[in-house]
Each structure stands twice: as structure tokens, then as C-alpha cells.
Amino acid sequence: MVLSANRTLLEDIEAAKKEGFTEDFMYKNKTILGRINKKIYTKESCVLIEYCRHEGMNDPSDSSILFLIECKDGTKGCLSSAYGKDSDPNLIDFVMSLSKK
């Protein structure tokens with residue numbers, strides 16, 4: 001496992017990058033877009049490797065979630081989102097519907 005709830009979101013992103021998860025994904029229209037490679041991925045072309053929730057240091061309601069995703073073309077990257085009342089339910093549903101590794 002790469003991610004740890006004992007670290008901050010930024011620390012986990014750095015740890016993921018060291019493990020090869022270098023793409024920065026963004027959710028858009030029921031797909032994810034690589035911000036670096038500009039490729040669009042459907043849920044059929046991605047696998048969810050792992051995920052971890054993080055709480056804000058001063059405010060536990062300030063939660064985020066970090067997903068590590070690997071695509072069939074070998075691209076590996078991170079997708080982060082708010083978690084809880086501020087989250088995008090479509091993004092969460094999309095990622096949780098991905099095949100699991």
C-alpha cells in the first residue's frame with residue numbers, strides 16, 4: 001500500500017509520485033482526463049489501485065479523498081476530491097465503480 005491516513009494529502013501525493021503515479025487526473029463528463037498527457041479515460045479503461053481519506057488538521061469536517069488509478073495504457077496517476085458534504089457524488093460513484101486491483 002502506498003497511501004496512509006497518518007500522512008497529509010500532500011504527503012500522500014508525493015509518496016504516490018515516488019511509486020510512479022505521476023499523472024494528475026481530473027473528473028469530467030463521466031470520464032477522467034489526464035492533465036499532463038491530455039488523454040481521456042473511460043471507466044472501462046481504468047483500475048482503482050487504492051484510496052485513502054484525509055481529514056483537515058484543524059477541522060475534521062474538512063475531508064478529502066485521494067484515489068490511485070492505473071489505466072490500460074500504463075498511465076498511473078492520482079485523483080483527489082473533497083469528501084463528505086462538499087464532495088461531487090458523480091466523481092465518487094465513477095471511481096468506486098472502477099474495477100479493483
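I looked up Tyr-51 and found it partly exposed, with a relative accessible area of 40%. Phe-67 is buried, with a relative accessible area of 0%. I used under 20% relative accessible area for buried, over 50% for exposed and the range in between for partly exposed, with a 1.4 Å probe and protein chains only.

The model is predicted: local features need pLDDT of at least 70, side-chain atom pairs count only at pLDDT 80 or more, and totals for chains, interfaces and linings use all residues. Residues are numbered from 1 along each chain as its sequence is written, and side-chain values use heavy atoms, with hydrogens and water left out.

Aromatic pairs. I paired rings of Phe, Tyr and Trp (its six-membered ring) with centres within 6.5 Å; planes under 30 degrees apart count as stacked, over 60 as edge-to-face, the rest as tilted. The count by this rule is three aromatic pairs. One of them, Tyr-27 with Phe-94, is tilted, at 5.5 Å centre to centre and 55 degrees between the planes. Tyr-27 belongs to strand 1 (residues 23-28) and Phe-94 to helix 2 (residues 89-96), so this pair ties together parts 67 residues apart in sequence. Both Tyr-27 and Phe-94 are buried. I also found Tyr-51 and Phe-67 as a tilted pair, with 5.9 Å between centres and 45 degrees between planes. Tyr-51 is in strand 4 (residues 46-55) and Phe-67 in strand 5 (residues 63-71), 16 residues apart, and the pair links distant parts of the chain. Helices (H or I, at least four residues) and strands (E, at least two) are DSSP runs, numbered from the N terminus.

Charge over a ring. I noted the charged end of Lys-76 over the ring of Phe-21, 4.7 Å from its centre. The test is NZ of Lys or CZ of Arg within 6 Å of the ring centre and within 35 degrees of the ring normal.

Seven strands make an open sheet with mixed pairing, in the order 3-2-1-6-5-4-7. Strand 3 (40-41) and strand 7 (99-100) are at the edges with a single partner strand each, so one side of each has no neighbour in the sheet. I counted two strands as paired if DSSP finds at least two bridges between them. Strand 1 and strand 6 (residues 76-83) run parallel, joined by two bridges; Asp-24 stands opposite Cys-78 in strand 6. Strand 4 pairs with strand 5 in the antiparallel sense over nine bridges, and Leu-48 is opposite Ile-69 in strand 5. Strand 4 also pairs with strand 7, in the parallel sense over two bridges. Val-47 has Ser-99 in strand 7 as its bridge partner.
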